[in-house]
Amino acid sequence: ATIYITLQGNRVGKGLCTACQYQRKMFDLFGLDEAEYKYGFTKPIGIARSVSAIVSTIASSILIRMLMKSNDRATTTYHRLMLGLSTSDILLSLSLMSFNAITPSEMNYLVWNARG
């Protein structure tokens, strides 16, 4: 992929984008090709991230349920903070538990399970 990269608004020249250059350096450093990188690094990381997101969603849901069943509910500052943090954790975890399926399919060379 050849594109123009810019550095503080000035055209540097025609070449690989910064992310592609970094990826090439990593491939050269470890002596990997793209298939080894994709299935050797991103697959376990993607699975671990998705599984931990599922566990986090369940734990936050249980915490919210416990807060709502308590006598104080969301009247104390502590309970309000825990409710807000748990809600934001659920929203973040929902976006991470897709097992990379929402990643654009053009990124299939870099990310495992990219289907988008």
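This is a predicted model: local features need pLDDT of at least 70, side-chain atom pairs count only at pLDDT 80 or more; totals for chains, interfaces and linings use all residues.
Four residues of helix H3 are buried: His79, Ser86, Ile90 and Ser93. Seen down the axis of H3, these buried residues fall within an arc of 75°, so they line one face of the helix.

**Helix H3 in more detail**

What does the other side of H3 carry? Turned away from the buried side is a face with the exposed residues Thr77, Arg80, Leu81, Leu85 and Leu91.

Ser86 has a relative accessibility of 4%. Because buried means under 20% relative accessible area, Ser86 counts as buried. A polar atom of its side chain lies 2.9 Å from the backbone oxygen of Met82. Ser93, also in helix H3, counts as buried too, at 3% relative accessibility. The side chain of Ser93 is joined to that of Ser56 by a polar contact of 3.3 Å.

**The chain as a whole**

Stepping back, the protein chain has three helices and two strands. Along the sequence, these elements follow the pattern β-β-α-α-α. How much of the chain is buried? Of its 116 residues, 22% count as buried.

**Helix H2 and its surface**

Helix H2 covers residues 34-69, and Met66 is one of its residues. Met66 is exposed, with a relative accessible area of 56%. Together with Ile54, Ile58 and Ile62, Met66 forms a nonpolar patch on the surface. The accessible area of these four residues together is about 370 Å².

Arg65 is another residue of H2, and Arg65 is exposed with a relative accessible area of 56%. Ala48 also lies in H2, but this alanine is partly exposed, at 46% relative accessible area.

| Residue | Relative accessible area | Class |
|---|---|---|
| Ser86 | 4% | buried |
| Ser93 | 3% | buried |
| Ala48 | 46% | partly exposed |
| Arg65 | 56% | exposed |
| Met66 | 56% | exposed |

**Pairs across the sequence**

How far apart are Ala48 and Phe99 in space? Their C-alpha atoms are 9.1 Å apart, while the two residues are 51 residues apart in sequence. For Arg65 and Leu83, the sequence separation is 18 residues and the distance from C-alpha to C-alpha is 9.6 Å.

**The loop between H2 and H3**

Between H2 and H3 there is a loop, and Arg73 has its place in it. What is the phi of Arg73? Its phi is near 50°, a positive value in a residue other than glycine. As background, most residues other than glycine have a negative phi.

Note on methods:
Residues are numbered from 1 along each chain as its sequence is written. Side-chain values use heavy atoms; hydrogens and water are left out. Patches are made of residues with over 30% relative accessible area and no salt bridge: like charges are joined within 9 Å, nonpolar side chains (Val, Leu, Ile, Met, Phe, Trp, Tyr) within 5 Å. Accessible areas come from the Shrake-Rupley method with a 1.4 Å probe; for residues, only the protein chains shown count as cover. A salt bridge is a side-chain nitrogen of Lys or Arg within 4 Å of a carboxyl oxygen of Asp or Glu. Buried means under 20% relative accessible area, exposed over 50%, partly exposed in between (1.4 Å probe, protein chains only). The arc is that of the directions from the helix axis to the C-beta atoms. A polar contact is a pair of N or O atoms within 3.5 Å; within protein, one must be able to donate a hydrogen and the other to accept it, and residues adjacent in sequence count only if both atoms are side-chain atoms.
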